[in-house]
Amino acid sequence: MAKAIHSMIRVLDEERSLAFYDTAFGLKVADRLDFPDFTLVYLSNDESDFELELTINKGTTEAYDLGTGYGHLAVSVADLDAEHARFEAEGLAPRKLVEFAPAGKVVARFFFVADPDGYQVEVLERGGRFK
């Protein structure tokens, strides 16, 4: 079986992205690989072995076009209401809390937040299939 180990996104400002992902999700630098034309920074925390890989292309000065193909990253948290309040207090501008309940049964509770480059991150309450 294959094991998911990381997802990569391109970011414009490394320090701004590191600050966001640390403040929002407690992701810290696990490794850093510096090359002549780009740098790879791997972020992780104790909740999961999965890593987020930030790619910083040296010399890039314009924001990346996210296009129509990017969807979102997703993380799960134990207390969605507390996390939403914390995001607001940190000035991270989370969108509204949503209860997704087709046919009247709650399937998921979540909110979205955009990172400094416009990538959307879904924050889901743990439970059911969202562990």
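Me: Which residues are linked in a network of salt bridges?
Reply: D81, E99, R109 and E125 make up that network. Keep in mind that this is a predicted model.

Me: OK, take E99 and R109. What is the N to O distance there?
Reply: It's 3.6 Å for the salt bridge between the E99 and R109 side chains. E99 sits in strand β6 (residues 98–100) and R109 in strand β7, so to speak a link between distant parts of the chain, 10 residues apart.

Me: Is E99 buried or exposed?
Reply: E99 counts as exposed, because its relative accessibility is 53% and the cut-off for exposed is over 50%.

Me: And R109, buried or exposed?
Reply: R109 is buried, because its relative accessible area of 17% falls under 20%.

Me: How many salt bridges does the count come to?
Reply: The count is 10. One of them joins the side chains of R32 and E14, at 2.2 Å from N to O. That pair links distant parts of the chain too: R32 is in strand β2 (residues 28–34) and E14 is in helix α1 (residues 14–25), 18 residues apart.

Me: How accessible are R32 and E14?
Reply: R32 is partly exposed at 43% relative accessible area, whereas E14 counts as buried at 15%.

Me: What about D22, which side chain does it meet in a salt bridge?
Reply: D22 meets K28, with 2.6 Å from N to O. D22 is partly exposed at 30% relative accessibility, and K28 is partly exposed at 47%.

Me: Switching to rings. How many aromatic pairs does the structure hold?
Reply: Eight. F20 and Y21 form an edge-to-face pair, with 4.9 Å centre to centre and 90° between the planes. F20 and Y21 are both buried.

Me: And F87 with F111, why is that pair edge-to-face?
Reply: Their planes are at 75°, which is over 60, so the pair counts as edge-to-face. The ring centres of F87 and F111 are 5.2 Å apart.

Me: Where do F87 and F111 lie?
Reply: F87 is in helix α2 (residues 80–89) and F111 is in strand β7 (residues 108–114), so the pair ties together parts that are 24 residues apart in sequence. F87 is buried at 0% relative accessible area, and F111 is buried at 0% as well.

Me: Which residues form the aromatic cluster?
Reply: F20, Y21, F25, F87 and F111 form one aromatic cluster.

Me: Now the largest nonpolar core. Which residues touch the most other members?
Reply: Y21, F25, L43, L52, L54 and F87, out of 23 residues in that core. At least two residues of the core come from each of α1, β3 (38–45), β4 (48–57), β5 (73–77), α2, β7 and β8 (120–125).

Me: Where does the largest share of this core come from?
Reply: From α1, which supplies five residues.

Me: You listed L43. What is L43 in contact with, leaving aside its neighbours within four places in sequence?
Reply: Its contacts include L18, Y21, L27, V29, L52 and L54. K28, A30, F50 and E51 are in contact with L43 too.

Me: Let's do strands. How many bridges join β3 to β4?
Reply: Seven, and β3 and β4 run antiparallel. The hairpin that joins β3 to β4 goes through two residues. L43 has L52 as its bridge partner in β4.

Me: And β1 with β4, parallel or antiparallel?
Reply: Strand β1 (residues 6–10) and β4 run parallel, joined by five bridges. For H6, the bridge partner in β4 is E51.

Me: Last one, where is the place of A78?
Reply: A78 is in the loop between β5 and α2. A78 is exposed, with 60% relative accessible area.

Me: What is A78 in contact with, leaving aside its neighbours within four places in sequence?
Reply: E125 and R126. The C-alpha atoms of A78 and R126 are separated by 5.3 Å, and the two residues are 48 residues apart along the chain.

Definitions and conventions. Residues numbered from 1 in each chain as written. Predicted model: local features only at pLDDT ≥ 70, side-chain atom pairs only at ≥ 80, totals over all residues. Heavy atoms only, no water. Phe/Tyr/Trp six-rings, centres within 6.5 Å; stacked < 30°, edge-to-face > 60°. Buried < 20%, exposed > 50% of the residue type's maximum accessible area, 1.4 Å probe, protein only. Helix = DSSP H or I, 4+ residues; strand = E, 2+ residues; numbered from the N terminus. Salt bridge = Lys/Arg side-chain N within 4 Å of Asp/Glu carboxyl O. Core = buried A, V, L, I, M, F, W, Y, C linked by side-chain atoms within 4.5 Å. Contact = heavy atoms within 4.5 Å. Pairing = 2+ DSSP bridges.
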